[in-house]
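Please prepare a short briefing on the model below.

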Amino acid sequence: MNLFNYFLQKCPVLLLVGLLQQAGLDVSFSKAKLMLVLVTLEVKGYREHVTLGYTECKYKANHAIPSIIPINGTCHDTCGGVPIKFPFGSGFGCGHPHFARYIRCSSGVLQFTTGTGIYTVSSIDYSSNTILVTDPLMSTCSSMQNSGSFILDRESPFSITTDNVFVLLGCSTTSPVFDKRQDLCDTGSGSNICRGLYSCNAITGIGLVPSAPISTCCVYEPPIPLGSGYGLDLPKLQCSSYSSVIGFGGDEGNPMKWQYGIPLQFNGSYYTESCKNCEDSGGSCGFSGFNQSFACICKNGMNTTINCYGRGSCTCSTFLGFKFDA
């Protein structure tokens with residue numbers, strides 16, 4: 001049985017529908033059946049170009065189509081001015097699969113996603129394996145409002161660092177953060193941070209008046225990195241809002257000059273020799289297939305399982321990661 005007949009029997013249009021819908025395209029089954037896709041197949045050491053057209057078969061994707069992603073054909077090394085390096089990627093199929101669901105580039109904005117929201121990644125420090133995210137609902141001296149919670153997913157490869165200085169604002173007097181047996185709030189230098197934020201005119205945004213008593217404020221600095229599943233559950237903590245201070249701008253008495261954000265540590269152990277070999281050849285490290293196996297994405301849009309040496313002068317175009325000869 002040749003490859004064409006094999007795929008007519010084994011490979012469904014349903015996969016193509018799923019891939020298109022995964023890419024955010026609303027494509028019906030009937031429309032997908034009319035699409036002709038030229039696929040470069042690699043089976044048992046040799047290649048054959050096969051045209052898949054009107055077919056309603058079923059198949060196991062990883063058997064012979066290892067390079068169906070990334071959707072946009074290539075991976076980019078920046079997003080809105082933020083450099084993107086492994087283990088992160090600019091889109092699905094780029095970077096390491098463990099990070100793909102959390103970090104993505106959307107309309108020129110690098111985003112970090114958890115179950116509690118979507119946040120902007122303002123910078124990445126690869127030397128310290130740290131990203132800095134900003135929460136649009138987080139309170140600062142210039143803008144305060146009731147915040148949502150910030151919690152890391154249980155499977156997240158990120159952790160909350162000890163550099164975080166969380167400030168819980170407008171907390172109930174019965175809040176568990178004030179449990180003296182827990183000793184959670186910094187009542188020393190933390191009191192100055194509370195006074196600083198409570199002096200801001202924006203404090204009215206959470207129902208308080210400027211220079212209100214700081215008895216409803218708590219400053220918490222994690223003594224150790226807090227891993228997956230940890231964060232700030234504001235309803236449980238009975239607090240109206242939160243802030244995260246990462247620097248004082250040389251003036252601890254002026255909260256308008258303070259820097260705000262949430263630094264998160266990421267696991268840097270995913271970098272492998274295969275990825276290094278791919279990057280040395282000019283490619284970007286990514287993944288493909290339903291088992292999310294390693295793929296080296298070349299600048300011409302071609303995916304390989306090793307590197308991009310000898311693959312840099314392809315006169316071809318790509319659609320959904322499929323290769324068409326020009």
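What percentage of the residues of the protein count as buried? Of its 326 residues, 47% do, where buried means under 20% relative accessible area, exposed over 50% and partly exposed in between (1.4 Å probe, protein chains only). This is a predicted model, in which local features need pLDDT of at least 70 and side-chain atom pairs count only at pLDDT 80 or more, while totals for chains, interfaces and linings use all residues. Residues are numbered from 1 along each chain as its sequence is written, and side-chain values use heavy atoms, with hydrogens and water left out.

**Sheet**
- The protein has 7 helices and 21 strands, taken as DSSP runs (helices H or I, at least four residues; strands E, at least two) numbered from the N terminus.
- An open antiparallel sheet has 6 strands in the order β5-β6-β7-β8-β16-β10, where pairing requires at least two DSSP bridges between two strands.
- β5 (103-106) and β10 (158-160) are the edges, each with a single partner strand, so one side of each has no neighbour in the sheet.
- β10 is joined to β16 (residues 262-266) by 3 bridges, and F158 stands opposite F266 in β16.

**Disulfides**
- The count is 9 disulfides, each a pair of cysteine sulfur atoms within 2.5 Å.
- C79 and C105 are joined (S to S 2.0 Å); C79 is buried at 2% relative accessibility, whereas C105 is partly exposed at 24%.
- C278 and C296 are joined (S to S 2.1 Å); C278 lies in helix α7 and C296 in strand β18, so the pair ties together parts 18 residues apart in sequence.
- C278 is buried, with a relative accessible area of 0%, and C296 is buried at 0%.
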